[in-house]
Amino acid sequence: MAAARSQEHEGAALTCVDFWCNEFGIRARIALREKGVPFAFVEEDLRVRERSDLVRRMNPAHRSIPILIHGGRPVCGSLNIVEYVDEVWSDQTRRRLLPADPLERARARFWADFVDREVYGAQTRFFTSRDEAAKAAAAAELLGHLRRLEAVLGDRAFFGGEELGFLDVALVPFSAMFHGYERHGGVDVAAECPALARWVGRCAERESVRGVLPSGHDMYEIHREFYNIE
């Protein structure tokens, strides 16, 4: 009976509510594609101030995206969604994104949280600072965070080892902003973090990433609109 319930759960209708350039939502779509799970995509335009009725119903606490709707029930929060996808769609033919070792799982979660808190925070300050000194400070902080993550990567092909893993999925959407870093403030990630730049190239070779990761040009242009950059 438990196996039957699990199969029914896996086969339930699946919808991802997101916006095409949302770094957080891109994570969910990469995880689903990496697992080979078909899903419907409903776009929630973040340029519109008022959230849709669907978002308000499915995520009344935060009214934010991404939202994964599985069998009519919502899963909210990008990293939470990635973990959910990893748990539901893992079997003999679909490997886990999170490491098997508890310590390595904890490390992957720690650094994914670091991306959310530190990288995203510095990125936001970098694009929103109108004072040149504050902008330069944010750029230096952002670059420092990327160097720290490059050190975590080390000489491995991926943060997950030989295969794309949880931390790779958490970070790679932000690589679409690297072009914007250089355009906006001269932060050349390829020159400053060459190993991280090579990692981006390896990730981009995967269909799961390539199929959803926007171009650097498109990401910078839409974020110029978000942040009111002339």
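**Rings, a sheet and lone cysteines**

Arg206 sits over the face of Phe158, 5.8 Å from the ring centre; a charge counts as over a ring if NZ of Lys or CZ of Arg is within 6 Å of the ring centre and within 35 degrees of the ring normal. The model is a predicted one, where local features need pLDDT of at least 70 and side-chain atom pairs count only at pLDDT 80 or more, while totals for chains, interfaces and linings use all residues. Residues are numbered from 1 along each chain as its sequence is written, and side-chain values use heavy atoms, with hydrogens and water left out.

Next come the aromatic rings. Rings of Phe, Tyr and Trp (its six-membered ring) pair if their centres lie within 6.5 Å, and planes under 30 degrees apart count as stacked, over 60 as edge-to-face and the rest as tilted. That rule gives 15 aromatic pairs. Take Phe126 and Tyr181: their ring centres are 6.1 Å apart and the planes stand at 85 degrees, so this pair is edge-to-face. It also links distant parts of the chain, as Phe126 belongs to helix α5 (residues 102-128) and Tyr181 to helix α8 (residues 178-185), 55 residues apart. Helices (H or I, at least four residues) and strands (E, at least two) are DSSP runs, numbered from the N terminus. Phe126 is buried at a relative accessible area of 0%, and Tyr181 is buried too, with 0% relative accessibility. Here buried means under 20% relative accessible area, exposed over 50%, and partly exposed in between (1.4 Å probe, protein chains only).

Phe159 and Trp199 make another edge-to-face pair, because their ring centres are 5.3 Å apart and their planes are at 80 degrees. Phe159 lies in the loop between α6 (132-153) and α7 (166-171), and Trp199 is in helix α10 (residues 194-204), so the pair ties together parts that are 40 residues apart in sequence. Phe159 counts as buried at 7% relative accessibility, and Trp199 is buried with a relative accessible area of 0%. Phe126 and Tyr181 turn up again in one aromatic cluster, together with Phe127, Phe178, Tyr220 and Tyr227.

Now for the sheet. Four strands form an open sheet with mixed pairing, in the order β2-β1-β3-β4; two strands pair if DSSP finds at least two bridges between them. At the edges are β2 (40-43) and β4 (73-76), each pairing on one side only. From one strand to the next, the twist averages 25 degrees. Strand β3 (residues 67-70) runs antiparallel to β4 and is joined to it by four bridges, with His70 opposite Arg73 in β4. Helix α2 (residues 23-35) packs on this sheet, touching β1 (14-18), β2 and β3, and its direction makes about 155 degrees with that of β1. Contact means heavy atoms within 4.5 Å; axes are lines fitted to C-alpha atoms, for helices over the stretch in contact, and angles run from 0 to 180 degrees between N-to-C directions.

As for the cysteines, a search of the whole structure turns up zero disulfides, a disulfide being a pair of cysteine sulfur atoms within 2.5 Å. The cysteine sulfur nearest to Cys21 is that of Cys16, 13 Å away, and Cys21 is buried at a relative accessible area of 1%. For Cys193, the nearest cysteine sulfur belongs to Cys203, 15 Å away; Cys193 is buried, at 0%.
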